[in-house]
Amino acid sequence: MRIHRKVVVIAVCFGVFLLLYFLGGNAADDPPSKEVAEEEEEKDGTASRSPPERAHDVAAKFAKKSHPGGAGGGAPEPPGARKERRAINAGAKSKRRSIVGRRVTRRKRAEEVMHLAVVACGNRLDETLTMVKSALLFSLKRITFHIFAEDPLAPQFEERLKLWPPSVSAKFQYRIYPITFSVGDADEWKKLFKPCAAQRLFLPVILKDVDSLLYVDTDVLFLRPMDDVWSLLKTFNGTQLAAMAPEHEVPKIGWYSRFARHPFYGVTGVNSGVMLMNLTRIRSTMFKNSMIPSGLSWEDILHPLYQKYKNHITWGDQDLLNIIFHYNPECLFIFPCQWNYRPDHCMYGSNCKGAEEEGVSILHGNRGVYHDDKQPAFKVVYDAIHDFPFEDNMFQSLFYPIQTKFLDTVNTLCGRIPQVFLKQIEKTMRKVFEDKVVRHVRPH
């Protein structure tokens, strides 16, 4: 009798236990609130799944609870079901990974690259490479150089540029183009002013895949990062599409204001040795002129303009640019003289106030002053950059030689104001030093 009672008690306890077990299991299987469900989906990545994938996940969980593994499990899975479920789960995970990858890629901004163009003919190989070197010494962003060169010079550029150290080569890429003119007589264009100088007029036509560009003459040197002049593109208003500096600061001694026999921009004209251009705007603009009332595109205006004024122009392509912007002044942005500092700014007395206050930003050694002794202050800067070994200490091997040799030029008109030449380059070198050295050794 006692044995029967014990069996009944055990059976009752077991029944109560099973009842509690099933009640607890049903409560656990109840769907959570919306907020909790969304939070859990975000944690395990199901928020990004498609409705079929979510349904499959729910079914998989239910099947797992209903058919636990082990010797006491229920009915076995049908053949191939587990393999099919794994394949679906793998596809869902792969899809989630691809979604995440696309989101990251979309947020990452492409690195901005600056574009610089130069035209080299004759014996301008060394001068051009020195200009390229000066741009690389101080600039922060990567640069793409568009080098237009005569056929004999092209392989020489390739050979010399490949000799530069890898740390320098990593900062730029280059493309070399032949000298070409899309309209008119090529031989006639080549002889305009200086050999190949007219090539710059055709840059918007040739470089169709380039949005913006800085053109400089071969005799230009950067004394501060090219990034700074490049940033002027953002200051253009809705109609401006190019930027140049005035040809002169004093109208009474300016060439255009005294001798020009053709229209020119403003009071003193503009100098095209440093020219910042939004090529996209240039290609899409119809330019007013004195020939056709409806206006002409950039490519269509060049040849008829040259034919009309070829017997009245002295400075070739620069004169043609002055004529174009005389009739379209709203298209031109004028930047200060320190961005195109020439011997004219000091050989008749200092007349560039911006350079006196801030120092020279871009040095333009026209009149051949890098290669003679007429303006030794310009030659000192050119020789120092030309002779500077890449990866040497800038203060010891570049700034100190310039500063020392300037003492020999103080008796000349341009050399007597050394701060004009030295102020910006010293500031730039200090910034380069701080970025490369001080920032990396400073404790976090």
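Close-up 1. C414 is buried, with a relative accessible area of 0%, where buried means under 20% relative accessible area, for a 1.4 Å probe and protein chains only. C346 also counts as buried, at 1% relative accessibility. The sulfur atoms of C346 and C414 are 1.9 Å apart and form a disulfide, a term that denotes a pair of cysteine sulfur atoms within 2.5 Å. The torsion about this S-S bond is about 85 degrees, so the disulfide is right-handed. C346 lies in the loop between β8 and α15, and C414 in the loop between α17 (394-405) and α18 (418-441), so the pair ties together parts that are 68 residues apart in sequence. Helices (H or I, at least four residues) and strands (E, at least two) are DSSP runs, numbered from the N terminus.

The model shown is predicted: local features need pLDDT of at least 70, side-chain atom pairs count only at pLDDT 80 or more, and totals for chains, interfaces and linings use all residues. Residues are numbered from 1 along each chain as its sequence is written, and side-chain values use heavy atoms, with hydrogens and water left out.

**Close-up 2. The disulfide between C337 and C352.** C337 and C352 are joined by a disulfide with an S to S distance of 2.0 Å. The torsion about the bond is about 100 degrees, so this disulfide is right-handed. Both cysteines lie in the loop between β8 (332-334) and α15 (353-358), so the pair ties together parts that are 15 residues apart in sequence. C337 counts as buried at 5% relative accessibility, and C352 at 0%.

**Close-up 3. The disulfide between C121 and C196.** The structure holds three disulfides; one of them joins C121 to C196, S to S 1.9 Å. Its torsion of about -100 degrees about the S-S bond makes the disulfide left-handed. C121 lies in the loop between β1 and α5 and C196 in the loop between α8 (186-190) and α9 (203-206), so the link ties together parts that are 75 residues apart in sequence. C121 is buried at 8% relative accessibility, as is C196 at 2%.

**Close-up 4. Strand β1 and its partners.** Seven of the eight residues of strand β1 (residues 113-120) are buried. β1 pairs in the parallel sense with strand β2 (residues 142-149) over eight bridges; two strands pair if DSSP finds at least two bridges between them. V119 has F148 in β2 as its bridge partner. β1 also pairs in the parallel sense with strand β4 (residues 212-216), over two bridges, and L116 stands opposite L214 in β4.

How values were computed
Buried < 20%, exposed > 50% of the residue type's maximum accessible area, 1.4 Å probe, protein only.
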